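Me: I am new to this structure and would like to understand the words used to describe it. Could we look at it together?

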Amino acid sequence: MKHKKGLIILIIIAAISMILGAKSIISKLSDKGTFSFKISSTNQNEDFEEDFDEDFDDESSDTLSKILSLKLGKDFDEAPKNTNKPYISVIYISGVISAENKTYNQKWLLKQIKRAKNDSKNRGILVNIDSPGGTVYESDEAYLALMDYKKATGRPVFAYFGSLAASGGYYIACGADYIYANRNTLTGSIGVIAGQSIDATALLDKLGIKMTTITAGKNKNMGNYNSVLTEEQRSILQSIADEAYEQFTEIVADSRKMNISDVKKLADGRIYTANQAHKNGLVDKVCSLEDAKSDIKTYLSEKDENAKDEQINFVEYKYRYGENWISLFSEASSLIKNPEASIYGLLGNTSSKCLYLYE
């Protein structure tokens with residue numbers, strides 16, 4: 001613990017030094033009126049540079065925060081792409097689907113779909129999915145964005161499954177016209193978790209701990225670890241899960257052109273291998289990513305006479321999480337103030353505030 005605290009202190013000192021250094025640089029350059037610099041990085045063997053030009057005067061109070069918010073290292077997710085020629089947007093969806101985490105960012109995903117929608121050179125979208133699932137809200141929002149893209153542009157959407165495309169990952173794929181899967185893919189897990197209830201009342205009694213939560217509304221405290229889940233509360237949570245499940249299965253039935261009763265026979269929460277999913281109609285073809293790309297090119301050339309002469313590229317978009325100076329400083333400070341998470345803090349994140357589609 002002492003070594004960890006020492007490391008955290010060093011990080012804080014380094015962060016403060018950087019902030020002071022940045023302030024010093026700005027102070028010296030502000031007299032000149034302008035400040036310009038470049039950051040070079042490499043993204044998938046493509047060199048690129050980003051220019052930052054800022055006018056410095058007495059009123060430019062947010063300049064420092066802009067500089068400090070720059071991502072560290074080469075974690076740039078907005079590298080310029082060569083889209084002068086017709087192309088398919090290959091948008092990678094990785095990790096747990098939520099508002100934002102280190103492998104997934106909802107705003108970033110929606111931005112890529114919108115970008116493709118508004119680009120006349122775009123010929124379609126291929127979502128490359130490797131995800132165990134996540135929240136209902138974000139999964140449905142991404143699905144609807146793909147459906148809107150198709151309706152607005154008339155262009156196709158394809159999905160390719162990596163090692164895992166379960167629950168929310170499969171939900172998003174339902175926005176595709178055609179689904180490919182790697183032969184080692186695990187997919188399916190069509191089901192919903194409406195929250196978890198951990199009953200620690202017996203443990204608290206044994207330890208002699210008494211805790212009272214003041215509420216207005218008899219079910220306001222449901223799911224909290226200091227409260228026994230009643231049958232009424234169980235019924236409430238079950239009704240929420242059932243409603244989300246109905247929505248999920250209806251989307252699958254519509255996407256796969258299947259009878260809803262047949263979908264529900266498959267949608268018991270289990271996962272399927274690629275071949276099992278193909279046999280049951282959940283995916284269209286089991287193949288490699290390169291074979292899928294070849295199929296897509298053939299499909300486009302057959303659909304549009306003009307596409308036969310086009311050299312269509314596949315342009316990849318991958319979200320890359322990057323810490324910034326402020327967030328590092330903030331996290332380090334919070335660790336110093338509260339190095340050990342409380343039981344309440346840990347269990348508070350498992351409440352029924354979100355619906356989960358998760359393998």
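Reply: Helices here are DSSP runs of H or I with at least four residues, and strands are runs of E with at least two. Counted that way, the protein has 12 helices and 12 strands. Do keep in mind that this is a predicted model.

Me: Why is α3 called roughly parallel to α4?

Reply: Helix α3, residues 106-117, and helix α4, residues 136-153, pack at an angle of about 5°. Angles under 35 degrees count as roughly parallel, so that is the word for α3 and α4. Their axes are 10 Å apart.

Me: Which residues make that contact, and what makes up the contact by class?

Reply: From α3 come Gln106, Leu109, Leu110, Ile113, Ala116 and Lys117. Among those that α4 brings are Glu138, Ala145, Leu146 and Tyr149. By class, the contact has 9 nonpolar, 2 polar and 4 charged residues.

Me: What covers the buried residues of α3?

Reply: The buried residues of α3 are Gln106, Trp108, Leu109, Gln112, Ile113 and Ala116. Their cover includes β3 (87-94), β4 (122-131), α4 and β11 (313-317).

Me: How do you know that the length of α3 agrees with its number of residues?

Reply: At 1.5 Å a residue, its 12 residues should span 16 Å. The end C-alpha atoms of α3 are 17 Å apart, so the two agree. Helix α7 (residues 231-256) can be checked likewise: its 26 residues should span 38 Å, and its end C-alpha atoms are 36 Å apart, which agrees. The buried residues of α7 include Leu237, Tyr245, Phe248 and Ile251. After α7 comes Lys257, with a positive phi near 55°.

Me: Why is Ser167 called buried?

Reply: Buried means under 20% relative accessible area. Ser167 has 0%, so Ser167 is buried. This serine lies in the loop between β6 (157-166) and α5 (168-173).

Me: What makes the phi of Ser167 worth a look?

Reply: Most residues other than glycine have a negative phi. Ser167 is not a glycine, yet its phi is positive, near 50°.

Me: How do you know that Ser189 counts as buried?

Reply: Ser189 has 5% relative accessibility, and the cut-off is under 20%, so Ser189 counts as buried. You can find Ser189 in the loop between β8 (186-188) and α6 (201-207). Its phi is positive too, about 50°.

Me: How much of the protein is buried?

Reply: Buried residues are 41% of the 359 residues.

Key
Residues are numbered from 1 along each chain as its sequence is written. This is a predicted model: local features need pLDDT of at least 70, side-chain atom pairs count only at pLDDT 80 or more; totals for chains, interfaces and linings use all residues. Side-chain values use heavy atoms; hydrogens and water are left out. Axes are lines fitted to C-alpha atoms, for helices over the stretch in contact, and angles run from 0 to 180 degrees between N-to-C directions. Angles under 35 degrees count as roughly parallel, over 145 as roughly antiparallel, 65 to 115 as roughly perpendicular and the rest as oblique. Contact means heavy atoms within 4.5 Å. Ala, Val, Leu, Ile, Met, Phe, Trp, Tyr, Cys and Pro count as nonpolar, Asp, Glu, Lys and Arg as charged, and the others, Gly among them, as polar. Buried means under 20% relative accessible area, exposed over 50%, partly exposed in between (1.4 Å probe, protein chains only). The expected span of a helix is 1.5 Å times one less than its number of residues.
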